Every structure is written in C-alpha cells, then in structure tokens.
Amino acid sequence: MIYLHKILPFFLSPLGIVLILLIIFFFNRKRFYVFLSLLILLISTNPFVGNYLAQKLESSYKPIPISSVKENDAIVVLSGGLSKIGDKEYSTYEFSDPDRFFAGIDLIKQQKADKLIFTAGQVPWTENWKPEGFILKDKAIALGIPGEILVTDKVQNTYEESIAVTKLIPNNSSIILVTSAFHMHRSKYLFEKQGLNVTPFPVDFKSTNRKFTFLDLFPTVHALSKTSIFIRENIGRLYYKIIM
C-alpha cells in the first residue's frame with residue numbers, strides 16, 4: 001500500500017503529466033502534446049507560481065514564538081528529516097530538514113512539556129536504515145536534553161504516526177505537534193481524529209515573502225519541487241477526508 005501512496009500522486013504531478021503527454025505524442029505525433037508539455041513545465045517550474053502554491057498550503061500557519069506556546073502533555077516531532085549517506089565501509093545520517101528536530105529540542109528545553117516523542121519513520125526502501133526516531137533520540141540525549149524522550153513503534157506514514165503516538169500517552173492528551181508547515185493541516189487533522197488535543201508548531205516553511213524580481217521569470221527545480229508538494233499534499237488531504 002505504501003508504494004501506491006508514493007507512486008500514484010506522481011502521475012498527477014507536473015513531471016508525471018508531462019511524461020504521459022510525451023508518451024501520447026510518441027504514438028500520436030501531434031505537436032499539441034509537446035506544446036502542452038512545454039507549457040506545463042514552464043508554469044510548474046516558475047518561482048512565482050511555486051511560491052504562490054506554497055503560500056496556499058501554508059496559509060493557515062505562521063511561525064510561532066515558543067514563548068507564546070502553553071504547556072502541553074507532550075511534544076511530538078514527526079519523521080521526515082534525515083537521510084543516510086555513505087557506503088558499506090562507512091555510513092552516517094545527515095539532516096535533510098533539521099527544523100523539526102531542533103524545534104522539538106527548543107520546546108522541551110523551555111519546558112513546554114515533560115515528554116518529547118519522536119516517531120520511528122521507516123519505509124520499505126530504507127529498511128537498512130535505523131528508524132529515524134531512534135537516531136533523533138540519541139542526538140537529543142547527546143545534547144543533554146531534559147525530560148522523558150520516547151520513540152514510537154515503526155511507522156510508514158502520518159496516519160500510522162498518529163496511531164503510534166496514542167500508544168505512548170493517554171487519550172485526550174494535549175500535544176504540541178511539530179512538522180513542516182505545508183504538512184501541518186493534514187497532520188493536525190489525523191492526530192485530532194485519534195482524540196488528541198493538538199497545538200500546531202509549524203516549521204520548515206517553503207514559501208517566502210521576498211520581493212518579486214526578474215529572476216522569478218526563469219524556471220528552477222526548486223519551484224518545481226514546491227508545485228509538486230502542493231499537488232501531493234492536496235491529494236493526501238483529500239484521501240484522508242474521504243476515508244476518515
């Protein structure tokens with residue numbers, strides 16, 4: 001099932017649609033399909049468009065000063081911020097997104113809860129990796145972080161994370177949920193469905209408020225990433241709205 005969840009959104013992404021159109025062109029030979037492919041690429045790789053779509057995803061959430069956050073029963077940091085690099089002789093883990101981890105660290109250091117929970121994210125193609133939550137727990141301990149540090153069972157997606165957290169804390173507990181801003185809407189929905197009282201603490205914002213410049217007229221891979229995230233995240237939101 002996890003493979004379907006990862007693969008199917010690709011065919012609705014800009015690159016997926018372009019690939020389908022080019023395959024159609026291979027058999028049909030109508031220039032319209034090439035023109036449409038080019039148009040989709042130009043739009044989806046435009047920095048202005050990418051930033052606008054990221055703002056739409058994150059519109060409900062803004063950066064929050066930790067001082068304004070009330071004390072909760074636990075801080076929950078979702079997986080999705082580590083990568084494994086190296087080879088058989090030596091490998092290590094590096095942050096691809098350190099914001100979630102350090103937000104969780106800052107929150108518990110300022111005593112916003114007495115429990116810090118990391119989720120043990122691990123998908124089938126990373127089975128040779130140590131589950132993320134255990135790596136982050138080790139890093140937190142090495143930093144001398146106070147409080148109780150817990151790790152969930154292995155999980156493959158946000159829905160499984162929400163269930164796994166309920167095994168560590170009582171029903172109706174209050175949590176500070178730490179995840180990327182674009183991912184917060186769906187995450188908050190799923191955790192609230194498990195009966196938890198959620199205080200969102202969004203990080204890793206993809207949108208910016210910088211001024212428009214002539215450079216925004218040139219296509220970028222970064223913009224394509226934002227456009228793809230917009231589509232994938234909305235598919236995820238719709239999916240869970242339907243099944244839950």
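**View A. Lining of the second largest pocket: 5 nonpolar, 5 polar and 4 charged residues.** The model is predicted: local features need pLDDT of at least 70, side-chain atom pairs count only at pLDDT 80 or more, and totals for chains, interfaces and linings use all residues. Residues are numbered from 1 along each chain as its sequence is written, and side-chain values use heavy atoms, with hydrogens and water left out. The second largest pocket holds about 250 Å³ of space (a pocket is an open set of points on a 1 Å grid over the protein atoms alone, with protein on both sides within 12 Å along at least five of seven lines; volume is the space filled by probe spheres set on points joined across faces, edges and corners). Its lining counts 14 residues, and Pro47, Phe48, Asn51, Arg210 and Asp216 are the closest to its centre (lining residues have an atom within 4 Å of a point). Two or more lining residues come from each of α4 (47-58) and α9 (helices are DSSP runs of H or I, at least four residues, numbered from the N terminus). The most, 5 residues, come from α4. In the class counts, Ala, Val, Leu, Ile, Met, Phe, Trp, Tyr, Cys and Pro are nonpolar, Asp, Glu, Lys and Arg are charged, and the others, Gly among them, are polar.

**View B. The largest pocket, with a volume of about 1400 Å³.** A total of 43 residues line the largest pocket, and those nearest its centre are Lys6, Gly80, Gln156, Arg186 and Arg232. Two or more lining residues are given by each of the helices α1 (2-7), α6 (132-142), α7 (158-166), α8 (181-193) and α9 (221-243). α9 contributes the largest share, 8 residues. Sorted by class, the lining of the largest pocket contains 17 nonpolar, 15 polar and 11 charged residues.

**View C. The largest cavity, with a volume of about 40 Å³.** The count is 1 cavity of 30 Å³ or more (a cavity is a set of grid points where a 1.4 Å probe fits but cannot get out). Around the largest cavity stand the lining residues Val77, Gly81, Phe95, Asp97, Arg100, Phe101, Glu132 and Leu136. At least two lining residues are supplied by α5 (99-109), and at least two by α6. This lining consists of 4 nonpolar, 1 polar and 3 charged residues.

**View D. Packing of α4 and α9, whose axes come within 8 Å and cross at roughly 30 degrees.** α4 and α9 are therefore roughly parallel to each other (under 35 degrees is roughly parallel, over 145 roughly antiparallel, 65 to 115 roughly perpendicular, and the rest oblique). Axes are lines fitted to C-alpha atoms over the stretch in contact, with angles from 0 to 180 degrees between N-to-C directions. The crossing of α4 and α9 is left-handed (the near helix is turned anticlockwise from the far one by less than a right angle; clockwise is right-handed). On the α4 side, Pro47, Gly50, Asn51, Leu53, Ala54, Lys56 and Leu57 meet Ala223, Lys226, Thr227, Ile229, Phe230, Glu233, Asn234 and Arg237 of α9 (contact means heavy atoms within 4.5 Å). By class, the contact of α4 with α9 has 7 nonpolar, 4 polar and 4 charged residues.

**View E. Packing of α8 and α9, at an angle of about 10 degrees and with axes 9 Å apart.** This angle makes α8 roughly parallel to α9. From α8, the contact uses Phe182, His183, His185, Arg186, Tyr189 and Leu190, and from α9 it uses Ile229, Glu233, Gly236, Arg237, Tyr240 and Lys241. The residues in the contact of α8 with α9 are 5 nonpolar, 3 polar and 4 charged.

**View F. Packing of α7 and α8, whose axes come within 9 Å and cross at roughly 40 degrees.** This angle makes α7 oblique to α8. The crossing of α7 and α8 is right-handed. Thr158, Tyr159, Glu161, Ser162 and Val165 of α7 are in contact with the α8 set His183, Arg186, Ser187, Leu190 and Phe191. The contact of α7 with α8 comprises 4 nonpolar, 4 polar and 2 charged residues.
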